[in-house]
Amino acid sequence: MSKSLRMNRLFHPVSRNAIFFPVDHGTTLGPLGKLTDIPALSKMAEENNFQSIVAHKGTIHWAIERGGETRNMNYLLHLSASTNFVLNGEFKQLVSTIEHGLRIGVSGISVHVNLGVQEEPAMLKDLGLVCDEAYKWGLPVLAMMNVFGEQALNPNKNSIAHAVRVAGEVGADIVKVKYPGTIEKMEEAIQAFPIPVLISGGEKSNDLIALFKEIHVSMKAGARGVSIGRNIFEDRYPAAMSKALSSLVHDFVQPEEAVDIYLDHSAQLENSYLGSENHGVTSS
């Protein structure tokens, strides 16, 4: 399968946007929230029109072998890992290969790079080599780009735009970055390199409307969707959050309407699934 065909599968056929669902956090932080039931999360993602799940190889095996009804879901094999047991947990190491991804039938590869840390050069080298190898096999590469110490480095510089540029120049096909704070900076990041830009969710937010406004503004600026994990699987009602995000990204609803969708669906889940072990995950 060519890279173009795989890229088409990673974006919605009508909206041309994407919702990626990263669930790779377990290696770093442990079994947070609903990460204890990957097959249920996979089914939820498919029900709510997510385009891909980003996960480590063991998690993908788990999702496919235990959740047969979601075998049509696209998966991106995440190659990078670290734990929070060590002080330099920002140094991501490659723990799998493109060959393994091909063997299990993934639609793409994901690599995490932290800029602004001592180990940045090694991670950039890994990203570049992964992009070279993925290119030979027609596998799209998602670069998860984080920037540390932005203010200390240069407070007047748009480091998010720089991160997008780095990802594009090194060979990534899609880049995930955090919202830079304003629509002007977001537009600058979009224009930094001609690859799709996805917005990360970051740590679990306690301000739903603020999160949805960031996504809405980012997409107005030209972002092609989101790559959000913790704000879904750590939410009390992951299925309600998934439905709201899908409405934001694919149906272009306003942030306030997305909040209403979340509240309405979470109320239904509260009434329907009280006491269920999959409480808040199952969508219907």
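This is a predicted model: local features need pLDDT of at least 70, side-chain atom pairs count only at pLDDT 80 or more; totals for chains, interfaces and linings use all residues.
1. **The largest pocket.** Its volume is about 740 Å³. The lining counts 33 residues, and those closest to the pocket centre are Lys92, His112, Asn114, Asn146 and Arg230. Start there when you open the structure.

2. **What the lining is made of.** Four elements each supply at least two lining residues: α2 (26-29), β6 (108-115), β7 (141-147) and β8 (174-177). Strand β7 gives the most, with 4 residues. By class, the lining of the largest pocket has 14 polar, 11 nonpolar and 8 charged residues.

3. **The aromatic pair.** The count of aromatic pairs comes to 1. The ring centres of phenylalanine 21 and phenylalanine 50 are 5.7 Å apart, and the ring planes stand at 85 degrees; an angle over 60 counts as edge-to-face, so this pair is edge-to-face. The pair links distant parts of the chain, 29 residues apart. Phenylalanine 21 sits in strand β1, whereas phenylalanine 50 sits in the loop between α3 (38-47) and β2 (52-55). Both phenylalanine 21 and phenylalanine 50 are buried.

4. **Serine 242.** This residue lies in helix α12, which spans residues 238-250. Is serine 242 buried or exposed? Its relative accessible area is 0%, and the cut-off for buried is under 20%, so serine 242 is buried. The side chain of serine 242 reaches the backbone oxygen of proline 238 at 2.8 Å. Beyond its neighbours within four places in sequence, serine 242 is in contact with Met44, Asn48, Phe50 and Ile232. Phe50 on that list is a member of the aromatic pair in point 3.

5. **Methionine 241.** Helix α12 also holds methionine 241. Methionine 241 is buried, with a relative accessible area of 1%. Which residues does methionine 241 touch, not counting those up to four places away in sequence? They are Leu208, Phe212, Asn231, Ile232, Asp235 and Tyr262. Ile232 is in contact with serine 242 and is also touched by methionine 241. Isoleucine 160 is 81 residues from methionine 241 in sequence, and the two C-alpha atoms are 26 Å apart in space.

6. **Serine 96.** Here the setting is a loop, between β5 (93-94) and α5 (98-104). The relative accessible area of serine 96 is 11%; that is under 20%, so serine 96 counts as buried. Leaving aside neighbours within four places in sequence, serine 96 is in contact with Lys57, Leu77 and Leu79.

7. **Arginine 16.** Look at the backbone here. Arginine 16 has a positive phi of about 65 degrees, although it is not a glycine. Arginine 16 lies in the loop between α1 (3-9) and β1 (18-22).

8. **Phenylalanine 252.** This residue has a positive phi too, near 60 degrees, and is other than glycine. Where is phenylalanine 252 placed? It is in the loop between α12 and α13 (255-272). Helix α12 is the element that holds methionine 241 and serine 242.

Terms used:
Residues are numbered from 1 along each chain as its sequence is written. Side-chain values use heavy atoms; hydrogens and water are left out. On a 1 Å grid over the protein atoms alone, a cavity is a set of points where a 1.4 Å probe fits but cannot get out, and a pocket is an open set with protein on both sides within 12 Å along at least five of seven lines; lining residues have an atom within 4 Å of a point. Grid points are joined across faces, edges and corners, and a volume is the space filled by probe spheres set on the points. Ala, Val, Leu, Ile, Met, Phe, Trp, Tyr, Cys and Pro count as nonpolar, Asp, Glu, Lys and Arg as charged, and the others, Gly among them, as polar. Buried means under 20% relative accessible area, exposed over 50%, partly exposed in between (1.4 Å probe, protein chains only). A polar contact is a pair of N or O atoms within 3.5 Å; within protein, one must be able to donate a hydrogen and the other to accept it, and residues adjacent in sequence count only if both atoms are side-chain atoms. Contact means heavy atoms within 4.5 Å. Rings of Phe, Tyr and Trp (its six-membered ring) pair if their centres lie within 6.5 Å; planes under 30 degrees apart count as stacked, over 60 as edge-to-face and the rest as tilted.
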